[in-house]
Amino acid sequence: MQKINREALIEKAAALLDAGTVDRVLAWKRGEFDYDVTPGLFTTREQMEAELVFGDFCGANMSKYLIKETLKGEGKVLVFLKPCDTYSFNQLLTEHRFDREKVYAVGIPCEGMLSVTAIKAAAGDGISKIDVTEEGVVVETLFDGTKVFGHDEMLAERCRNCKSKRHVAYDELMGEEGEVLDSARFDEVAKIEAMSSEERFAFWQGELSRCIRCNACRDVCPACTCEKCVFGNPDSGIENKAITDSFEEKMFHIIRAFHVAGRCTDCGECSRVCPQQIPLHLLNRKFIKDANNLWGDYQAGEEVGSRAPLVDFDFDDMEPGEAVIKNGGEQ
Amino acid sequence: MIKEPLMPVIGVVTDIRIDTPDVRTFRVVTPNGEKPFIHKPGQCAMLSMPGVGEAMFSITSSPTNTEFMEFSIKKCGCLTDWLHAMEVGQQVTVRGPYGNAFPVDTEFTGKDMLFIAGGIGLAPLRSVINYCRHYRDRYGRIDIVYGSRTKDDLVDYNEIITEWIGDDDVHVHLTIDREQEGWDGHVGFVPSYVKELGFSTENRIGILCGPPIMIKFTLQGLVDMGFEKSQIYTTLEMRMKCGIGKCGRCNVGSKYICKDGPVFRFDELDELPDEY
Amino acid sequence: MRAISYAKLDTLFAKIAETHGVYLPVEGKKGTDYKRWEQGDVYSTALNSNRSPKDIFFPQSENLMDFKVEGKSIEIVDTRSESEDFVIFGVRACDVKSIEVLDRVFLKEPADSYYENRRSHAVIMSMACTKPAETCFCKTFGIDPAEPMGDIACWVDGEVLYMNANTEKGEALLEKLEGITEEASADAADTAKALITERMAKLPLAALKADAFGAGKTQKYFDHPAWAELSEACLGCGTCTYVCPTCQCYDIKDFNTGHGVKRFRCWDSCMYSDFTQMSAGQPRLTQLERFRQRFMHKLVYYPENNDGMFSCVGCGRCLAKCPIKMNIAKVMKTIGKENDND
């Protein structure tokens, strides 16, 4: 259950609109079903009262929309940022992707977002209503009565292993500030590392072979902001179309992981939107874990202007051969 | 197994004519030396170099030419760059014909013909012009208003001055955008030249082809002169892959340009959404 | 109508497999997908497969032909081969209808021989639904999940699978299966049919109507102001088009293997910015135009070219999978709203 509700967001946004601080609001809009949320713009209190939502399904990270939004007109846009969204926000600023002056950022607390996929898998087809109460996640179904599930089991993996409840960027904060957490997120990577190379290959082969090359992971990713993606370049031979062979299906994701290495904040949006439920964020997280191991802990987006290990240089940097060994590889 | 519409035939390039700095005309026959297939004026074909790409081009030779097929192609992308670099004797693949055609044997018969083209826009009209010249007695007066940036950019210039100009009751009006040494013809943009020339609307068909901005102003000029939109034709261009209305990308509203077009009357275009 | 014990499905598949390839939905680690049946595979009763049976007729990518290029010469190699006879078992009513939607594109003259080859060798055994999802709205498009089309319609009631032939192809197959099936009365599946009909009425989208759409509505909806808001958050990804059982846009590309050129066809998406990009220009400049194209095509353009048939079947996959939860149901409710009284 979230500590802040939609009424509080509407009040805050309406006040900022009235004061002329901002002229539009980027937030979550009611979708077709209880668990459906669409990012959207609001310009009036009436609109917000009719359609703005905030709850346990507002996982969508609004940061990337700021690129498009800040190019429109002169006025400021209000954006609500959950702690993990603020890391993407900073990373985009580091890369000069939008004009900070055109944004008014309000940090909001987050208690973790639920996974619709997990709820659907547990509750089955025909969900009519989902409530989050002290008891847990209460799912009303059309044909099988009401079912209750533990809150934590229904959390998205990225939220179960939340890395930070602290906001690293905002103009104003609602609620109490949280702390950077001692997250167990790298345990998920360690599980894959513990596999034999054959098992690991089979694991990723099994996952990535389901990819349909819809590009949702790329298009939602706050680190994927190239104006012309290599996978959108007809001359690259790997244009954003269907998979042509089993080699290529892996290439797409591996290349993408390399491209966002050191810039990925581990927001987990890629896995949230994947229609084939591929745990794509684990690829990126592996890069983060390795980089931390080799060059010391680094969190992309923690501060604006920080230099990622892969674009930084130090005379004490490890040689590539040493790095392989340090990460458990063979010479 | 049934015939596959996406399967091309081999074409041999037997002649390459340099028209302008960025337009070349390629003559194509089958390996047996025959014309690849029969077509009607205004129809298109898919040309390809395997490994480079495949794209739709207007067949610029007239159907009355029974020996070969010609394509006038402007250099503007990956495939066209390749085509411009190839030599005589090169094989390519060709499939078609695609699209509807100008109604040369129905609506056009007995009419005065007014062709208006800009730049490479003459290419799709050349097959119609030569068809009308071939069956000269089926049509009335023929006017051709053609403009380009410079004299060097006039496509088919040689054919125009050696063949078209000499024909009975064929009136060619050339214009270029700016003054140029060695040019004593008209200078100015096509839309204003058309206005200047002035054409009666009676029993006349207009056909426009060229850059969008030229089409827009010329069309307006013709309407101001009293032309009905149903008297004026044009051809549209969209990205195409299949040529048979299945790959889904060349539609304007419910019409597929590769199949229901590329030839449209302006009153028909008014019925379609403005997305071309 | 013929019947077989549900427990004997393996016997049924094994019998069919003597003469046909068999494809059916099988539960995997992350949801259900169609696969070729092998001994030991269990038929999944999941409502929607992740990927629709479209893949079987119109695969995500397929080789069209090969070229051998040597010097200035080109040789075209026809790589087509006759498909085997095969059965697809367990196709839901919406997905059966989607194959009809695809037929109207691919089999229309000049027919696509790759599709036609597979289609003509296929026998479709459809499966009536038992428990629909909140995302289902097939009724909006006149589809009855209690009476699925296809060559043979199937119903499950308790421990029994009932089968009824809808076509000659279906009758021929049922005849072959007579040794392992039993005769059942024509009304044997009525209880199962009644249950699904009753459940359909309870769905949240049960009242969604397509009446406001169809042929001749281009002018009316093309410039509708709501497209801007509806498409505002669209990521421009291809999820909706790739999970859609009726989306059939494709690209044709060449792949140089180093030993020759393979010309292949692969799915494409009208949501992608390069879909209509030409050297000379781009008619659909922003996501608004691309977004509008997809829905106008399903609700107006396709019906205009196909006797009023819509090219949405209400399977609900896009409702479940869209990253921003924007979908055709919302579009229909928003764009079609003012039309109730005209």
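Which domains does the domain assignment give for chain C? In this predicted model, the assignment divides chain C into domain 1, covering 2–200, and domain 2, covering 218–341. The C-alpha centres of domain 1 and domain 2 of chain C are 25 Å apart, and the contact between them draws on 31 residues from domain 1 of chain C and 26 residues from domain 2 of chain C. On the domain 1 side of this contact, strand 4 and helix 3 of chain C each contribute at least two residues, with strand 4 of chain C giving the most, namely nine residues. By class, the residues on that side of domain 1 of chain C are 15 nonpolar, eight polar and eight charged.

Chain C as a whole contains 12 helices and 12 strands. Its radius of gyration is 22 Å, close to the 20 Å that the globule rule gives for 342 residues, so chain C is as compact as a globular protein of that length. Along the principal axes, the C-alpha atoms of chain C fill a box of roughly 65 × 65 × 40 Å. Of the 342 residues in chain C, 50% are buried, and among the contacts in chain C with a separation of 6 or more, 70% link residues 24 or more positions apart.

Turning to the sheet of chain C, eight strands are arranged in the order 3-2-6-7-8-9-1-10, forming an open sheet with mixed pairing. Strand 3 (31–36) and strand 10 (182–183) of chain C are at the edges and have a single partner strand each, so one side of each lacks a neighbour in the sheet. Strand 3 of chain C pairs with strand 2 (residues 21–28) of chain C in the antiparallel sense over six bridges, and within this pairing L24(C) stands opposite K35(C) in strand 3 of chain C. Helix 1 (residues 9–17) of chain C packs on the sheet, where it touches strand 1 (2–5), strand 2, strand 6 (86–92) and strand 9 (160–165) of chain C, and its direction makes about 145° with that of strand 2 of chain C. Helix 3 of chain C, which also contributes to the contact between the domains, lies across strand 6 and strand 7 (122–127) of chain C and runs at about 125° to strand 6 of chain C.

Within chain B, strand 3 (residues 44–49) runs antiparallel to strand 4, joined to it by six bridges, and C44(B) stands opposite S58(B) in strand 4 of chain B. These two strands of chain B form a hairpin with three residues between them, and G51(B) in the turn has a positive phi of about 95°. Strand 4 (residues 53–58) of chain B is mostly covered, with five of its six residues buried.

How values were computed: Residues are numbered from 1 along each chain as its sequence is written. Chains are lettered from A and ligands numbered from 1 in the order in which they are written. This is a predicted model: local features need pLDDT of at least 70, side-chain atom pairs count only at pLDDT 80 or more; totals for chains, interfaces and linings use all residues. Helices (H or I, at least four residues) and strands (E, at least two) are DSSP runs, numbered from the N terminus. The radius of gyration is taken over C-alpha atoms; the globule rule is 2.2 Å times the number of residues to the power 0.38. A residue is buried if 20 or more other C-beta atoms lie within 10 Å of its own, exposed if 12 or fewer, and partly exposed in between; C-beta atoms are placed from the backbone. Two residues are in contact if their C-beta atoms, placed from the backbone, lie within 7 Å. Two strands pair if DSSP finds at least two bridges between them. Axes are lines fitted to C-alpha atoms, for helices over the stretch in contact, and angles run from 0 to 180 degrees between N-to-C directions. Domain bounds come from an automatic or database domain assignment. Ala, Val, Leu, Ile, Met, Phe, Trp, Tyr, Cys and Pro count as nonpolar, Asp, Glu, Lys and Arg as charged, and the others, Gly among them, as polar.
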